Amino acid sequence: MVDSQYYLPNDIGISALDCSEAFRLLSPQEKMYAHYLSPFTFLKQQDFRYGGLAVLLQTSPESANIFVLLQRIFRKQTPAQLEQVATAAGLSSEEYQAFLVYAAGLYANMGNYKSFGDTKFIPNLPKDKLKALVWASQAFQEQPAEMEALWDSCSCLLYSLENRQKQLGLGDKGITTYFSGNCCLEDAELAQKFLDSKKLSAYNTRLFKKEDGGKTCYEVRLASAVQKDCAVDGECESCCGSFSFEDKEFTVKRGDYSPIMEKVCYYLEKAQAYAANENQRKMLEEYTRSFTLGSIEAHKEGSRYWIKDKGPIVESYIGFIESYRDPFGSRGEFEGFVAVVNKAMSERFAKLVSSAEVLLPELPWPQEFEKDTFLKPDFTSLDVLTFAGSGIPAGINIPNYDDIRQTEGFKNVSLGNVLAVAYATQKEKLTFLEEGDKDLFIKWKGPSFEVQVGLHELLGHGSGKLFVQDDKGKFNFDQSKVINPETGEPVSSWYRGSETWDSKFSTIASSYEECRAECVGLYLCLNKQVLSIFGHEGQDADDVVYINWLSMVRAGLLGLEFYTPDSKSWRQAHMQARFVILRVLLEAGEGLVGLEEVTGEDGKPDARITLDRSKIPTVGKNAIHRFLCKLQVINSTADVEGGRAVYDNYSTVSDTGAHNFLRLRETVLLRKEARKMFVQANTRISGDSVELVEYEGSAAGLIRSFTERFQDDAEQLESSLLELSKQDAPCWC
């Protein structure tokens with residue numbers, strides 16, 4: 001039997017993201033803009049969605065080949081048509097459903113590793129049965145040699161659960177395609193120093209190491225359409241070339257994902273004709289330059305125009321954005337979305353933005369540790385039309401560039417149609433809660449999470465100052481006067497030159513920042529004004545606070561699923577953050593949080609987590625106050641050593657102490673519920689108008705939505721993916 005964490009169950013939740021009403025209310029021009037923007041993510045409307053396909057190449061060596069194998073099968077036969085073939089090939093109905101679920105999972109995660117948790121998943125049916133189905137398919141009957149070669153190229157890794165291949169990671173800790181297979185942490189650290197010295201961002205790069213005549217050489221690849229390494233339009237001198245650094249040779253080259261980036265640029269140029277204003281047009285222009293040249297500076301410039309584009313009806317963003325899946329924490333996964341504003345919900349977030357300057361002083365750090373000016377951002381609730389990447393979040397705070405966020409601003413979005421379906425659950429599936437809490441939890445989980453997301457994105461990620469000394473020696477704070485509240489001494493450390501939060505804190509940066517934002521949400525949800533903004537008063541408001549805090553401590557326990565004991569590492573930034581918060585609240589004592597191991601009604605190990613709601617405003621608030629202040633001071637002062645000591649301590653999962661978390665992890669795995677997958681709509685042009693094409697919330701519906709995205713030029717698309725995969729294949733050995 002394969003451990004259940006390595007396959008997707010047949011009854012996994014699959015929900016369609018409903019954006020029909022929001023799309024219906026768009027004008028014809030807005031619909032056309034949304035249509036042409038979506039190709040630069042990946043959703044098939046009439047043209048290709050190339051950009052998000054880069055995620056396949058960013059995930060694992062075999063992901064692109066598996067994707068092409070599935071596309072060729074389902075392009076010839078729909079899931080319903082293939083079912084008869086499967087039966088004749090000897091598959092049971094359960095085995096065929098397992099195949100459909102695997103295919104849906106591959107599409108939803110844009111690879112064969114879970115986007116949330118970075119664990120590999122394999123088909124939950126015997127390899128010989130899957131091979132029999134592939135051989136019996138129409139695609140194989142028409143092109144047997146090509147299909148057999150494709151199967152041979154990926155079938156071993158498709159099923160392999162060797163220790164290193166069970167999860168994403170660097171070196172012997174897992175699989176990554178952000179680095180060649182011979183890279184380790186020391187290589188990543190050296191490369192970061194090199195990039196900092198050249199003032200190059202790691203966001204759109206990958207690192208490849210090789211030995212040449214006994215000398216170690218590194219190749220830094222920039223994602224770009226052009227492959228020329230000389231200076232090109234928009235550059236005074238090329239960032240490419242060969243450089244000696246700390247007795248090592250570094251070469252910077254363009255052209256990573258070149259065919260994909262070329263298509264991205266083509267559709268960005270097409271979308272410019274439908275831009276609603278000059279900010280949108282210039283934004284798209286700069287994005288095109290960024291993906292053409294591999295320039296993060298151009299992407300920053302596009303992001304500046306994006307921030308200035310206030311209150312658009314069709315919202316979008318694209319680029320190498322989140323660094324969660326880079327084991328070193330510096331390289332961004334390709335991501336893009338096109339979404340339509342939900343006006344009613346957006347009004348609440350606008351009120352929260354208006355109250356921000358009153359709420360920020362409530363946070364538990366001295367005024368000097370807060371930004372000099374709060375730059376009021378757009379904060380909208382959006383219904384997702386297209387989201388390209390390995391997974392769809394509930395909320396986003398972008399851009400991620402520290403220098404822009406600190407002095408120019410940012411935007412927040414809450415993805416309303418994701419929230420509507422992502423966290424709905426049935427009472428019988430609610431784990432680790434007392435019976436008396438379950439009805440209240442089901443009633444208020446959605447509304448409380450909406451409050452938490454709003455606070456997390458706006459006042460969590462949007463708060464706090466980073467102390468910086470620029471290249472000219474100028475400080476953005478008065479170093480002679482600012483006192484570190486944790487030590488009582490003057491501030492003695494800060495960011496220098498091109499250093500950023502990600503480059504300094506690297507492997508803990510993402511989770512640490514998510515933890516800080518989650519703590520801000522917990523702390524400020526106690527504010528009556530905040531609750532009133534979201535329409536909660538009296539007893540309802542108290543219940544929202546209770547369920548928000550209860551959700552957090554329960555999530556901390558659930559987070560143990562995403563810890564790997566063998567490597568002592570966490571695979572998911574948010575869940576590590578929530579486990580840290582659980583540890584902090586358990587440490588607060590005084591009966592605030594209870595956690596005990598029990599035996600379930602089925603006779604198997606179980607656990608119960610309780611929260612004394614009467615102590616949330618006192619014991620709970622005080623604990624988060626102290627911890628949040630410490631997190632922000634470390635954040636502001638670039639205290640990497642102190643930050644690692646604090647965060648690693650609370651992240652430790654052991655079998656000693658008051659709670660045996662290693663044993664509790666086994667209980668969590670025993671009773672875990674698989675994360676839901678989402679089916680996205682497509683659009684297509686019909687005459688002079690754009691139509692929305694929707695699909696059922698099922699594995700078959702998810703598969704259809706993908707195969708209908710990539711119809712017009714499928715052979716060229718698949719050829720590009722296979723060629724890119726083949727070129728890099730020797731690098732992973």
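**Figure 1. Contacts of Glu457 in the predicted model.** Leaving aside neighbours within four places in sequence, Glu457 is in contact with Phe379, Gly395, Ile396, Asn397, Asn412 and Gly462. The model shown is predicted. Glu457 itself belongs to helix H17, which covers residues 435-460. With a relative accessibility of 7%, Glu457 counts as buried, because the limit for that class is under 20%. In UniProt, an unreviewed entry places the feature "active site" at Glu457.

**Figure 2. Surroundings of Ala225.** Ala225 sits in the loop that runs between strand E3 (215-223) and strand E4 (241-245). Its relative accessibility is 12%, so Ala225 counts as buried under the 20% limit. Not counting residues up to four places away in sequence, Ala225 touches Ser258, Met261, Glu262, Cys265, Phe291 and Thr292.

**Figure 3. Ala225 and Thr288.** Along the chain, Ala225 and Thr288 are 63 residues apart. In the model, 9.6 Å separates their C-alpha atoms. Ala225 is the loop residue between strands E3 and E4 shown in the previous view, and among the residues it touches are Phe291 and Thr292.

**Figure 4. Confidence along the chain and the stretch 39-48.** The chain has a mean pLDDT of 91, and 96% of its residues reach 70 or more. Residues 39-48 have a pLDDT below 50. Beyond near neighbours in sequence, this stretch has 76 contacts in the model.

Terms used
Residues numbered from 1 in each chain as written. Predicted model: local features only at pLDDT ≥ 70, side-chain atom pairs only at ≥ 80, totals over all residues. Heavy atoms only, no water. UniProt positions renumbered as here; feature names shortened; annotations may be inferred. Helix = DSSP H or I, 4+ residues; strand = E, 2+ residues; numbered from the N terminus. Buried < 20%, exposed > 50% of the residue type's maximum accessible area, 1.4 Å probe, protein only. Contact = heavy atoms within 4.5 Å. pLDDT = per-residue confidence, 0-100.
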